[in-house]
Amino acid sequence: MKHLDDPLTILVIDDEKGIRDGAERILSKMGFSVITASRGEEGLEILDEKPVAIILLDLKMPGIDGMEVLARVNRQYPEVLVIVITGFATIETAIEAMKQGAYDFIPKPFEPDQLRIVVNRAREKIRLEAEARRLEAERQRTLADLGAEQSRIRTIIDSLPNGVLVTNSDGVVVFLNPALKLQLGLAPDSGPGRGIENYISDQGLRQLILDISRGRHVDFEDIPQYEFSIADRKYLLARARPVLGPRNECLGAVVNVVDITAMKVLDRLKSEFVAKVSHELRSPLSTIHEQLALVLNDIIDQVSSTDRHLLSRAKEKTKGLISLIGDLLDLSRIEAGAVCQEIKPVQLEDLLEKIIDFLGARAKAKNQTLTLQKPDQSLPPVKADPLTLESIFGNLITNAINYTDEGGQITVAIDLSGINIRVQVTDNGFGIEERHLDRIFERFYRVKNEKTRYITGTGLGLPIVKGLVDSLGGFISVRSTPGQGSTFTVLLPANNHA
Ligand code: ADP
């Protein structure tokens, strides 16, 4: 292959020796590799053997003449530039030669400078053409690289086990991978291009994706995950994130969908196991507790104070275990959706009054004030099992008493907020640090610090409360400032038609 820096070869075909020698001298000095031929046939033979860039061609020669050579060169070697030497300086022959495809012409006799100018022009054309070819090749290569990169990324996304769906800021689906089609039961050939409602039937998820696509969630930390189920007991978890442009504008959303059916099944098996074990433990533990109580009662005067202390501790511990088991059983019942319920309209403010009456003694023992604030006019009822409501607010108020110092204040406020009944349990107790706030609704999660150290509990109260509030179609949230106190807010749908 010819290297770019190799000298270009120029072939001089002329029957006049003087011209051949003169041209060879000048062109060699210009850096060309020069070959000469005295006849047209000889020139064509050389062309067959060697790569030539430029031909300097005399038009008038014995044997085949220049025009004929030019025609053959054009046919066989169209890339070679031919400069014709016109013997009689007739403009007509020059024009004719140019028409036949010659690149340029030079009249005979010529000055060395004339030859240099014409040949230099040809050389520049060759250089520019080579440069253009190089650029084109580079462009092709870049395009090929880009194509390969795109198809690689495409292959990766297509082979992902997780579903991927991308929307633009109007909520139109611009991409979806095969895993997503499989997860959502879409036809394998369903392509992008339509609104999100054509792909996702779950209304909540649709709204979340639309909100994210339109830039309503730009705080990445704060975007909720979305769990949903579709036919055949299949559970899916969707996480969506906005795609931000260079000026932080929202361009759309990327949604990642994971199949969590296996996790759900495991979770259910675990709950069933816990429920079973709890159930088996409850009766023997209750028996032990009763017997300890009996023993303590009967022999209270006959044993040493150390033994009495030990027995009392054992009784307290069994009581704690029984309450833990009760909580675990409640929780698994809520999870199974099998809370035995007697649903009826309940005047929540009356029920709260009773709970506060009942728990007032505990608050009093800690010198705390426990008050109820309710509006003057009566509120619409809540449709629920009163035991469920007692469990919700009993737990929240007990927590407020437990996690507030002696002499603290606890307020339970009830009012109407839109279509909901709102209950707020506020204390001026220990408060909860921000990092624990999400986690206190998890099972067994307890905040461990100097203040809470000596307070016994199971870490199951709030998960039970949340499970029950959810089962009523309500909503629970918490705000808290460490050292200042906490407010737990419960919203429950009001029943206006009761
Ligand atoms: P438990 O009270 O049995 O530990 P919960 O699930 O009811 O379990 O509560 C979980 C944790 O949340 C508690 O251990 C406590 O640290 C914290 N917590 C709950 N209510 C309050 C409150 N009103 N003030 C401060 N901390 C609270």
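Trainee: Which residue in β2 is the bridge partner of Ile10?
Mentor: Val34 is the bridge partner of Ile10. This is a predicted model, where local features need pLDDT of at least 70, side-chain atom pairs count only at pLDDT 80 or more, and totals for chains, interfaces and linings use all residues. Residues are numbered from 1 along each chain as its sequence is written, and side-chain values use heavy atoms, with hydrogens and water left out.
Trainee: How many bridges between β1 and β2?
Mentor: Strand β1 (residues 9–13) pairs with β2 in the parallel sense over 5 bridges. Two strands pair if DSSP finds at least two bridges between them; strands are DSSP runs of E, at least two residues, and helices are runs of H or I, at least four, numbered from the N terminus.
Trainee: And what is the strand order in the sheet?
Mentor: The open sheet has 5 strands in the order β2-β1-β3-β4-β5, with parallel pairing. Its edge strands, β2 (33–37) and β5 (104–107), each pair on one side only.
Trainee: Switching to the ligand. Which residues come nearest?
Mentor: Asn399, Tyr403, Arg446, Thr458 and Leu462 come nearest, of the 19 residues around the ligand; a residue is near if one of its heavy atoms lies within 4 Å.
Trainee: How far is a ligand oxygen from the side chain of Arg446?
Mentor: An oxygen atom of the ligand is 2.5 Å from an N or O atom in that side chain of Arg446.
Trainee: Which element gives the largest share of the shell?
Mentor: α13, with 3 residues.

How values were computed: A polar contact is a pair of N or O atoms within 3.5 Å; within protein, one must be able to donate a hydrogen and the other to accept it, and residues adjacent in sequence count only if both atoms are side-chain atoms.
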